[in-house]
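The following account leads the reader through a single structure by way of its side-chain contacts. Please keep the sequence and the model in view while reading.

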Amino acid sequence: MDLGLQPISNRLKKSENEKEPLFRLALSVCNNTGQIRIEDPFPVKELRSRFPWLDTNFEPETHLDDFVEKVIFLTGIKENAKIGAFSFKDDSFLTRLERRGFVNTWRLDPKEDLGIEYDSFGIETLQDRFVLEKVKEVQNKHGYSDIFIVRHAIEHSYNIEEFLQVTKLILKPHGHVIWELPDCEKSLSMNDYTMIWEEHIHYFTQFTFKHFIESEGFEVLLCESIDYPFENSIIAITKLSSKETKTKIDNSKKLSNELNRALNFFKFLSSQKKIIRSNLELIRKENGPIVVYGAGHLAVSFLSILEISDLIEFAVDDNEKKVGMWMPIGNLEIKASAKLYQSKPGVCLLCLNPQNQPQILKKHERYTSNGGIFASIFPGSFNYLNRLL
């Protein structure tokens, strides 16, 4: 699925005339595994945020207390177990383990362990520096670990096979790796193209991740999908396998289902573009101007991939530092949410995680009482824009 030239979601512009870089974005699915990935990832240096305050991608965590208990039970770790972690996204998990008495913990230090000198960076840079030479130094510094935690990072990996092999170097012979990553099955089934984000190189379902991790020499003790309003989370507990040969997918019917889902997702894009444009044009004609709420990567994906930014008046965002800047698609100015009340009420498309949308609806009850309409861009939402018609 070739999406042509696409902008970088975090590349907010300081002026309307600033030129944003564009890169080709295309996805493919492997016939042998059902795995979906971006063909030619954007350059890492281009993905690095130019604004330290912009790194605000938070992961769902209401399942973590239960997940920690499952890790303790299934791994059988003792209180003196050495537990390492990949990134800042693992801090809340480590904190929970420490509260349970597991205090022999450590986390990769971006500067000291990986040599990262930038003031602003994210997982895109951490995965780029997580290589054999650096990890050997990490292992010499911290020793071998019983457990290594990797939450919401593997999907960012440019060389995922190397990422896994390097991870093994940190572990004791039968050590465990704790994984968490997005489950894309819901988005694929609903043809939700906001799933596509240039920083996510790999798009797994529970089935494809389990078989992939097994094929790379890990034994899977647990692999579950945790339900969330927008995007489910795959959680997995694995350990180094004693098997030397890679496993093969033994469920051809399930693999066929995965391939069909992916291919349908690819093929439906052309129709979805026409449907969304037609619906938005009708909504605008009947209800007035359309704005978007949330100037993050979900909004950029929605507007750019579906090619509908020309139908939008402006964007609003509650991050004061974004106000006065311009989105990297459609030359849309970002304004404070108070601007919803300073023009004719129309339709406001919610581009925030559905988990956060109820707070917005409550905060702006006056907008709807004045005749404005809130609609979500996500197909699974109760107020999905296509249901307005």
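**Side-chain contacts in the model**

Glu180 and Arg151 form a salt bridge, in which the closest N and O atoms are 2.8 Å apart. The structure is a predicted model, and the values below are to be read accordingly. Glu180 belongs to strand β7 (residues 171–183) and Arg151 to strand β6, so that this pair links distant parts of the chain, 29 residues apart.

Side chains of opposite charge can pair when their charged atoms come close. How many salt bridges does a search of the whole structure find? The search finds 26. One of them joins the side chains of Arg50 and Glu18, with an N to O distance of 3.1 Å. This pair also links distant parts of the chain: Arg50 lies in the loop between α1 (44–47) and α2 (64–75), and Glu18 in the loop between β1 (2–7) and β2 (22–29), 32 residues apart. Arg50 has a relative accessibility of 36% and therefore counts as partly exposed.

A further salt bridge brings together the side chains of Lys89 and Glu59, at 2.6 Å from N to O. Because Lys89 lies in the loop between β4 (83–85) and α3 (91–99), while Glu59 lies in the loop between α1 and α2, the pair ties together parts that are 30 residues apart in sequence. Lys89 has a relative accessible area of 10% and is therefore buried. Glu59, with a relative accessible area of 22%, is partly exposed; the limit for a buried residue is under 20%.

Salt bridges may also join several residues. Glu185, Lys254, Glu258 and Arg261 are linked in a network of such bridges. A polar contact is found elsewhere: the side chains of Glu214 and Lys210 are joined at 2.9 Å. Glu214 is part of helix α8 (residues 206–215), and its relative accessibility of 18% is the reason that Glu214 counts as buried.

The account now turns to the aromatic rings. A search of the whole structure finds 17 aromatic pairs. In one of them, the rings of Phe130 and Phe148 have centres 6.3 Å apart and planes at 5°, and the pair is therefore stacked. Why does this pair tie together parts of the chain that are 18 residues apart in sequence? Phe130 lies in the loop between α4 (123–129) and α5 (132–142), whereas Phe148 lies in strand β6 (residues 145–151). Phe130 counts as buried because its relative accessibility is 2%, and Phe148 is buried with a relative accessible area of 0%.

Another aromatic pair, formed by Tyr367 and Phe374, is tilted, with 4.9 Å from centre to centre and 50° between the planes. Tyr367 counts as buried at 3% relative accessibility, and Phe374 counts as buried at 8%.

The cysteines remain to be considered. A disulfide is a covalent bond between the sulfur atoms of two cysteines. Cys223 is buried, since its relative accessible area is 14%. For Cys348, which is also in no disulfide, the nearest cysteine sulfur is that of Cys351, at 7.9 Å. A disulfide requires sulfur atoms within 2.5 Å. Cys348 has a relative accessibility of 0% and therefore counts as buried.

How values were computed. Residues numbered from 1 in each chain as written. Predicted model: local features only at pLDDT ≥ 70, side-chain atom pairs only at ≥ 80, totals over all residues. Heavy atoms only, no water. Phe/Tyr/Trp six-rings, centres within 6.5 Å; stacked < 30°, edge-to-face > 60°. Helix = DSSP H or I, 4+ residues; strand = E, 2+ residues; numbered from the N terminus. Buried < 20%, exposed > 50% of the residue type's maximum accessible area, 1.4 Å probe, protein only. Polar contact = N/O pair within 3.5 Å; in protein donor to acceptor, adjacent residues only side chain to side chain. Salt bridge = Lys/Arg side-chain N within 4 Å of Asp/Glu carboxyl O.
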